[in-house]
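User: I'm new to reading protein models. Could you walk me through this one, feature by feature?

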Amino acid sequence: MATGPAVTTTQIQEAVGLSTGSLYHRFGSREGLLGETWLNALLAFQTVFVPALETPSAVGQIAAVTPRFCRERRSEHADINGAQVFRERSRF
């Protein structure tokens, strides 16, 4: 996704080193992989954001959660995060 607005299954396969069969067996489709990648990111974000909401008087801290989360996890998700989702598939 770093190279443009769309990502192909070929780019995903090359980035994480898995075969076409493995990708489709695990995720069913490109959309399935991207959907699980999104869920993985969402679950990680929620573990940071929900606790921040427990202190409603700290509005500035709550507002800073999203940019801080993105900065801290940028390198973690820079390669589409497909490899991590592939290893953690059993969580979903």
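**Reading the model step by step**

Analyst: Buried means under 20% relative accessible area, exposed means over 50%, and partly exposed is in between (1.4 Å probe, protein chains only). This is a predicted model, where local features need pLDDT of at least 70 and side-chain atom pairs count only at pLDDT 80 or more, while totals for chains, interfaces and linings use all residues. Residues are numbered from 1 along each chain as its sequence is written, and side-chain values use heavy atoms, with hydrogens and water left out.

User: How many helices and strands are there in the protein chain?

Analyst: Helices (H or I, at least four residues) and strands (E, at least two) are DSSP runs, numbered from the N terminus. Here you get 5 helices and 0 strands, so the pattern along the sequence reads α-α-α-α-α.

User: How many aromatic pairs does a search of the whole structure find?

Analyst: A pair of aromatic rings is described by the distance of the centres and the angle of the planes. Rings of Phe, Tyr and Trp (its six-membered ring) pair if their centres lie within 6.5 Å; planes under 30 degrees apart are stacked, over 60 edge-to-face, and the rest tilted. The search finds 2 pairs. Phe-45 and Phe-49 have ring centres 5.2 Å apart and planes at 20°, so they're stacked. These two sit 4 residues apart in α3, which means about one helical turn separates them.

User: What about the pair of Phe-45 and Phe-69?

Analyst: That one is edge-to-face, with 5.3 Å centre to centre and 80° between the planes. Because Phe-45 is in α3 and Phe-69 in α4, the pair ties together parts 24 residues apart in sequence. Both Phe-45 and Phe-69 are buried, and together with Phe-49 they form one aromatic cluster.

User: Is Gln-13 buried or exposed?

Analyst: Gln-13, in helix α1 (residues 9-16), counts as buried because its relative accessibility is 13%. Its side chain makes a polar contact with the side chain of Thr-20 (2.7 Å). A polar contact is a pair of N or O atoms within 3.5 Å; within protein, one must be able to donate a hydrogen and the other to accept it, and residues adjacent in sequence count only if both atoms are side-chain atoms.

User: And where is Tyr-24?

Analyst: Tyr-24 is in helix α2 (residues 20-27). With a relative accessible area of 37%, Tyr-24 is partly exposed. Leaving out residues up to four places away in sequence, Tyr-24 touches Thr-9, Ser-29 and Arg-30.

How values were computed. Contact means heavy atoms within 4.5 Å.
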